[in-house]
Amino acid sequence: MTTSDRPRISLLGTTALLFEAPGTFDLPHQQRIWTLATTAAKWSGIREAIPLITNLMLTFETPPRDPNFLISALNDAWDEAQELPIGGREIRLPVTYGGEIGSSLQAVADHCGMSIDDVVSIHAAPLYTVFALGSHPGYCYLGGMDPRISMPRRQTPLQRSAGGSVSIGGSQTGVSASPGPSGWHAIGHTTWTFFDPSWTTPAALAPGDIIRFEIERVIR
Amino acid sequence: MPIDMAYIERLAKLLETSGVTSIEIEDKEQSLKLVMETSEPSVTPPARVNAISCSDKSHVIAKADVAGHFRATHPWRTKPFAEPGQRIEAGAIVGLVKVGLLYAPVLSPAAGILDAITAETGAMVGYGTPIASIRPVAESRQI
Amino acid sequence: MGPTSVQDLGRFDQYRFGVGTSGAMDDVALRAGNILLGNDENAAGIEIPMTPFKLRFGRDMTFALTGAEVEAEIGGRAIPPWWRSNARVDEVLSLKTMPRSARCYLTVSGGIDVPVVLGSRSTQFRGEFGGFHGRPLQPGDILRCASPTASASSGELGVEPADLVLARPDVPAGNTTVRVIIAGEYDAFDGAAQDLFWRSGWKITPQSNRYGYRLQGPAVKPISPIEKRSHGIVPGVIQIPPNGQPIIQMRDAQTSGGYPKIATVIKADMWRVAQARLGSTLRFEQTAYADALAAEDEVSVYLDRLRADVRLFAELQGCR
């Protein structure tokens with residue numbers, strides 16, 4: 001977590017740069033990250049500007065000989081970045097909570113000291129904003145989860161977690177598009193398709209879209 | 001088939017009587033050259049058989065076809081591509097010639113037993129430099 | 001160490017959709033094979049991490065084998081390492097053993113002809129797209145090959161392997177040492193933990209694969225537990241999960257993560273990690289950004305020289 005007032009900027013080898021915004025994990029901060037991403041994506045030498053959770057990764061087309069220019073440009077751009085109000089669609093996602101795929105539902109309930117039904121209703125209550133896509137094809141990081149159902153990521157990531165699983169990692173929640181390794185706790189699943197490489201834009205959702213989880217079923 | 005001495009004598013006599021100064025005969029397996037000693041255009045000294053080049057089918061030579069540095073082993077290996085006494089196929093690699101970052105293989109022109117690698121590892125070789133000597137024997141497999 | 005699959009150099013501009021690079025783990029070997037054949041360097045080849053492997057050629061074609069040393073044979077003759085050769089129709093290429101290093105690359109003149117998906121022919125396993133139907137190769141699969149290009153070269157020819165040209169003289173042989181640049185959470189580890197990271201030999205566990213190499217060694221723990229917000233990561237990033245056992249993110253890694261990052265393997269040394277076998281030991285060496293760029297330049301010089309030599313050699317042969 002960043003506690004200072006200034007962003008933290010660090011190198012990821014010679015391939016990318018990571019910009020971490022100070023402040024809380026909320027929509028206004030994320031909107032400023034979206035603005036920063038739009039600005040930085042146009043700079044020469046930058047291949048992609050990838051927003052994640054109140055942070056931004058810039059991958060290089062060619063690595064800058066001296067990254068200090070880029071670092072100071074990023075700081076300046078951040079200071080000027082306004083909250084970008086991206087309009088998005090509202091999507092209703094039917095979820096089956098618990099069961100074989102949502103196998104960590106009980107663990108989350110135990111960790112948070114509440115019943116399964118409480119976890120489910122707290123999870124399904126808010127309107128979530130898609131903050132970012134990342135992790136694996138089509139995976140959405142959602143903002144707006146109630147911190148009462150937070151649970152730290154696993155000590156050792158699980159080698160395989162199912163596609164379509166709805167999970168909690170730390171104070172974040174997200175929906176996966178395909179099976180694979182995960183350090184998050186799966187509490188349910190949805191059968192919706194999030195990603196198809198043959199679509200013009202391969203991901204179904206984009207930052208700024210809004211998701212409402214509908215409780216289709218709870219398997220205890 | 002080896003040229004027999006009686007045949008050579010007949011050729012030598014032909015040289016004497018015809019006034020031609022040399023005869024050279026070559027086929028796939030061997031060559032023969034007869035040179036008339038021309039100090040006096042006389043009958044007296046018979047033509048001397050002077051075989052200048054005589055290779056027979058007991059050896060073929062694998063040669064470099066590019067200039068570079070020879071090596072008998074791949075740089076990752078200690079065992080040479082082929083060792084004396086080893087049976088090798090036609091086209092088998094008997095060594096490498098390093099040209100810049102590349103390794104051009106030296107290939108055996110015939111199937112047979114490797115007699116010797118005559119080039120030294122590290123030596124500079126050129127187009128046509130003999131690399132290895134092979135004693136041909138019939139192909140060991142059907143093609 | 002993972003499946004046999006079709007890979008090119010990777011998919012680099014789809015991170016914003018959560019799509020990672022995939023691609024050849026030893027990109028230097030793939031490029032060298034393509035250069036030998038006169039292919040575009042990004043032509044797709046086959047990454048082969050395990051033997052035995054057998055392949056029948058459906059037509060006459062020129063191919064190259066680069067990467068790990070492998071006992072290879074076609075038509076009754078042995079193929080040396082880092083080699084280009086001609087195959088005749090119906091001949092079977094047989095890879096028998098891979099005594100050291102971890103994966104070899106088979107490239108063919110013209111490249112493997114699978115559809116380009118999201119800009120690349122690399123296999124994206126998690127998303128099940130790209131490469132050959134988005135999955136590992138299986139016996140019975142038939143791969144189409146594109147036609148050779150105008151600049152195609154054929155005939156028996158070898159090349160100096162990358163590990164000889166790029167050998168680092170001051171590094172002891174037998175160990176794989178990789179250079180890394182420290183990452184954002186390096187200072188969250190105290191001096192003792194940092195020392196452990198630099199001085200230990202890290203064993204590559206059997207749980208290592210194209211997603212990540214899981215290392216075993218002393219527990220490297222931060223001063224206090226860190227739970228970071230999810231952020232972008234790239235191949236080479238070394239994460240430290242709560243159990244203190246480093247994980248090097250590899251080509252099929254997720255595009256984001258939340259574990260603390262202690263360092264990132266430099267791009268120029270990723271091929272060394274790719275060629276380190278299960279059970280072998282890795283060591284990390286701290287490197288500055290500028291030196292990492294210099295190391296990338298060294299790799300480029302090797303490949304540039306190779307390209308020039310192959311062209312010159314082809315002209316030489318053409319003159320005869």
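In chain C, strand β7 (residues 83–87) and strand β10 (residues 157–159) run antiparallel and are joined by 2 bridges. Look there for C:W83, which stands opposite C:G158 in β10(C). Keep in mind as you explore that this is a predicted model.

**The sheet around that pair**
- Zooming out, you find an open sheet of 10 strands with antiparallel pairing.
- Its order is β9(B)-β4(B)-β6(B)-β7(B)-β10(C)-β7(C)-β4(C)-β9(C)-β2(C)-β1(C).
- The edges are β9 (124–125) of chain B and β1 (5–7) of chain C; each has a single partner strand, so one side of each is left without a neighbour in the sheet.
- As background, strands of a sheet pair through backbone hydrogen bonds, either parallel or antiparallel.

**The helix across the strands**
- Helix α1 (residues 27–37) of chain C lies across β2 (45–48), β4 (61–67), β7, β9 (104–108) and β10 of chain C.
- Relative to β4(C), this helix runs at about 150 degrees.

**The nonpolar core**
- The largest nonpolar core has 168 residues, and A:L56, B:V94 and B:I131 have the most contacts inside it.
- Helix α1(C) gives the most to this core, with 7 residues.
- Which residues does B:I131 touch, leaving aside its neighbours within four places in sequence? Its contacts include B:A62, B:F70, B:V94, B:V106, B:I117 and B:V125.

**Chain B at a glance**
- Of its 143 residues, 24% count as buried.
- Among contacts in chain B with a separation of 6 or more, 56% come from residues 24 or more positions apart.

Notes: Residues are numbered from 1 along each chain as its sequence is written. Chains are lettered from A and ligands numbered from 1 in the order in which they are written. This is a predicted model: local features need pLDDT of at least 70, side-chain atom pairs count only at pLDDT 80 or more; totals for chains, interfaces and linings use all residues. Two strands pair if DSSP finds at least two bridges between them. Helices (H or I, at least four residues) and strands (E, at least two) are DSSP runs, numbered from the N terminus. Two residues are in contact if their C-beta atoms, placed from the backbone, lie within 7 Å. Axes are lines fitted to C-alpha atoms, for helices over the stretch in contact, and angles run from 0 to 180 degrees between N-to-C directions. A residue is buried if 20 or more other C-beta atoms lie within 10 Å of its own, exposed if 12 or fewer, and partly exposed in between; C-beta atoms are placed from the backbone. A nonpolar core is a set of buried Ala, Val, Leu, Ile, Met, Phe, Trp, Tyr and Cys residues joined through C-beta atoms within 7 Å.
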